[in-house]
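Work through the exercises below with the sequence and the model in view. Each task is followed by a stepwise solution.

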Amino acid sequence: MSAVADRRQELAAGLAAVRGRIAAACDEAGRQPDEVTLVVVTKFFPASDVRLLADLGVTDVGENRHQEAEAKAAECNDLGLRWHFIGGLQSNKAAAVAAYSSVVQSVDRPKLVGPLARGAGNRPEPLDVLLQVSLDPPGTEGRAGVDPAELPALADRVAGEASLRLRGLMAVAPLGADPAEAFGRLDRIRAGLVAEHPAAGWLSAGMSGDLEHAVRAGATHVRVGSAVLGSRPVKK
Ligand SMILES: *Cc1c(COP(=O)(O)O)cnc(C)c1O
């Protein structure tokens with residue numbers, strides 16, 4: 001078999017396993033599998049893998065670095081995929097990210113909103129935005145995401161932009177903590193957000209290691225990389 005056919009088979013097996021896990025978790029939680037969108041995180045993997053994934057029925061892919069994402073999105077422009085930006089955003093790159101992304105999941109400070117809105121201004125449809133909320137204790141090193149106390153102001157800021165559509169929240173479970181507790185907390189934060197912004201009910205939570213906990217807590221999007229694609233190549 002050719003290398004491409006081998007890789008296709010690997011990806012098909014990874015996808016089948018992850019879809020099976022999502023279906024089982026939904027079943028257990030009394031949810032329908034189509035309530036959960038699988039975003040396959042393709043960071044560090046080549047555009048050829050994205051192409052194979054699209055052929056295997058993947059509709060949503062996630063990337064966390066602007067340059068890599070922009071290049072891959074351009075190379076895969078013919079596939080009709082939705083690109084989710086899930087990485088740390090710099091305000092001087094935010095407008096460019098808005099140009100190729102369908103969803104920006106990692107908005108975590110007011111400073112990003114103006115550039116994002118400008119970058120999204122030329123789109124036929126508003127850009128879907130998720131606010132990344134931190135579930136770490138305050139003061140944690142490398143903490144990404146807005147503090148829950150500052151979430152309402154950030155939400156209002158995004159909702160005030162015509163070219164952006166506030167859709168909900170994204171979070172990563174804290175390292176070494178109980179994901180069930182963390183995602184339960186996240187779901188309560190979502191309830192507070194939805195009370196003010198009824199259309200902002202999306203919840204992006206859950207990765208390869210903890211997607212079952214996220215589905216149980218009501219995730220509408222899971223972001224899965226290594227369980228589909230294998231372990232990531234070492235960072236250059
Ligand atoms: C890399 C990444 C993922 C996917 O992680 P896996 O453990 O490989 O599934 C999910 N979310 C974010 C924000 C990431 O950076």
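**Exercise 1.** How are α1 and α2 oriented to each other?

Solution. The model is predicted, so local features need pLDDT of at least 70 and side-chain atom pairs pLDDT 80 or more, while totals for chains, interfaces and linings use all residues. Residues are numbered from 1 along each chain as its sequence is written, and side-chain values use heavy atoms, without hydrogens and water.

Step 1. Helix α1 covers residues 3–29, and α2 covers 47–55; helices are DSSP runs of H or I with at least four residues, strands runs of E with at least two, numbered from the N terminus.

Step 2. The two helices pack at about 60 degrees, with axes 10 Å apart. Axes are lines fitted to C-alpha atoms over the stretch in contact, and angles run from 0 to 180 degrees between N-to-C directions.

Step 3. Angles under 35 degrees count as roughly parallel, over 145 as roughly antiparallel, 65 to 115 as roughly perpendicular and the rest as oblique. Therefore α1 and α2 are oblique to each other.

**Exercise 2.** Which residues of α1 meet α2?

Solution. Step 1. Contact means heavy atoms within 4.5 Å.

Step 2. From α1 come Val4, Arg7, Arg8, Leu11 and Leu15; they meet Asp49, Leu52, Leu53 and Asp55 of α2.

**Exercise 3.** Where is Phe44 found?

Solution. Step 1. Phe44 lies in the loop between β1 (37–41) and α2.

Step 2. Its phi is positive, about 75 degrees, although Phe44 is not a glycine.

**Exercise 4.** What does Leu164 touch?

Solution. Leaving out residues up to four places away in sequence, its contacts include Val113, Leu116, Pro126 and Val158.
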